[in-house]
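Please open the model in a viewer and follow the selections below in order. Each stop names what to select and then describes what is found there.

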Amino acid sequence: MIKVIQIATLSDNYSYIIIDAVSKLTACIDPSVSGTIVNFLEKNCLTLNYIINTHHHNDHVGGNLELKKKYNCKIIGNFKDQERIPEIDIKLKDNEIFKLGESEFKVIDTPGHTIGHVCYYFSEDKVLFSGDTLFSLGCGRLFEGSAIQMVESLKKLRLLPGETKIYCGHEYTQSNANFAIHLSPKNNKLKEKVIKIEKTRKKKLSTIPSLIEEEVLLNPFMNFDNVNYIKEIGLENVNDYENFKKIRVMKDEF
Ligand code: ZN
Ligand code: FE
């Protein structure tokens with residue numbers, strides 16, 4: 001079992017501190033910066049054993065070097081990104097299991113946003129760290145990968161249990177919600193979610209975690225093969241990849 005603590009950094013990033021309940025081993029997922037993380041660890045009398053990176057972008061690895069220097073922690077990432085993740089020590093592959101004390105997580109290759117992007121899944125806790133692949137009501141932009149890769153990545157995430165909590169890399173939920181409701185203004189479940197999101201953001205609180213089942217139902221980027229949805233948003237149903245591409249372009253231009 002792990003405890004998850006969300007830490008807001010930069011303008012809209014989330015880093016996460018995770019603590020294995022038994023061993024108390026502590027890791028930081030995607031430290032954007034070092035200062036905010038150090039402050040939290042010191043305030044709570046914690047040390048840092050690992051850094052776990054989802055991908056190489058600076059807003060996810062920016063704290064790597066300073067945190068490693070201070071805590072002598074090991075840095076974990078995708079072996080495919082070993083040239084791009086600063087000071088990586090432990091290079092994991094798709095489907096590989098890593099033990100954090102008594103807890104363990106699995107690596108899920110999710111190329112699309114970047115070629116080397118991975119998500120980390122703690123099956124016992126039903127917790128997914130999705131980085132910039134899956135956001136609440138959105139998905140990452142295709143900076144390096146193709147629509148085909150992103151669709152295949154999202155299909156893998158859709159297979160996780162519905163009650164899986166999704167801890168993503170950014171608080172983009174409000175703007176994603178604006179786009180989703182623009183596409184399907186009559187969806188009552190989505191309307192309810194949008195109202196909840198607005199209330200939460202008005203109080204400057206986090207909308208994260210989301211749940212896989214909510215994303216499967218309401219996230220436009222999880223519905224590339226939902227023929228009714230594709231028709232509802234005014235697109236011609238071609239195939240998963242073409243449908244996805246069109247939704248991605250619509251969002252980029254929204
Ligand atoms: Zn990124
Ligand atoms: Fe990012």
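Begin with strand β4 (residues 50-52), which runs parallel to β5 and is joined to it by three bridges. The model shown is a predicted one. Within this pairing, I52 is placed opposite I76 of β5.

Next, select β5 itself, residues 74-78. Four of its five residues are buried, so the strand is largely enclosed by the rest of the structure. Strand β6 (residues 90-92) also pairs with β5, in the parallel sense and over three bridges. Here I76 faces I90 of β6.

Now select the zinc ion (ligand 1). Its protein donors are H55 (NE2), H57 (ND1), H113 (NE2) and D132 (OD), at 2.2 to 2.3 Å. The angles among the four donor atoms span 86 to 172°, and the site is irregular. Along the sequence, the donor residues follow the spacing H-x1-H-x55-H-x18-D. H55 belongs to the loop between β4 and α2 (58-61), and H113 to the loop between β8 (103-109) and β9 (118-122), so this pair ties together parts that are 58 residues apart in sequence. Both H55 and H113 are buried.

D132 bridges the zinc ion (ligand 1) and the iron ion (ligand 2), and the two ions lie 3.1 Å apart.

Finally, turn to the largest pocket, which holds about 230 Å³ of space. It is lined by 17 residues, of which F135, C139, G140, R141 and Y172 are the closest to its centre. β12 (138-139), α5 (173-183) and α9 (240-253) are the elements that each give two or more residues to this lining. By type, the lining comprises five nonpolar, seven polar and five charged residues.

Conventions:
Residues are numbered from 1 along each chain as its sequence is written. Chains are lettered from A and ligands numbered from 1 in the order in which they are written. This is a predicted model: local features need pLDDT of at least 70, side-chain atom pairs count only at pLDDT 80 or more; totals for chains, interfaces and linings use all residues. Side-chain values use heavy atoms; hydrogens and water are left out. On a 1 Å grid over the protein atoms alone, a cavity is a set of points where a 1.4 Å probe fits but cannot get out, and a pocket is an open set with protein on both sides within 12 Å along at least five of seven lines; lining residues have an atom within 4 Å of a point. Grid points are joined across faces, edges and corners, and a volume is the space filled by probe spheres set on the points. Ala, Val, Leu, Ile, Met, Phe, Trp, Tyr, Cys and Pro count as nonpolar, Asp, Glu, Lys and Arg as charged, and the others, Gly among them, as polar. Buried means under 20% relative accessible area, exposed over 50%, partly exposed in between (1.4 Å probe, protein chains only). Two strands pair if DSSP finds at least two bridges between them. Donors are N, O and S atoms within 2.8 Å of the metal (3.2 Å for Na, K and Ca); water is not among the atoms, so sites may look incomplete. Four donors count as tetrahedral if all angles lie between 85 and 135 degrees; four count as square planar and six as octahedral if opposite donors are over 155 degrees apart and all others between 65 and 115; anything else is irregular.
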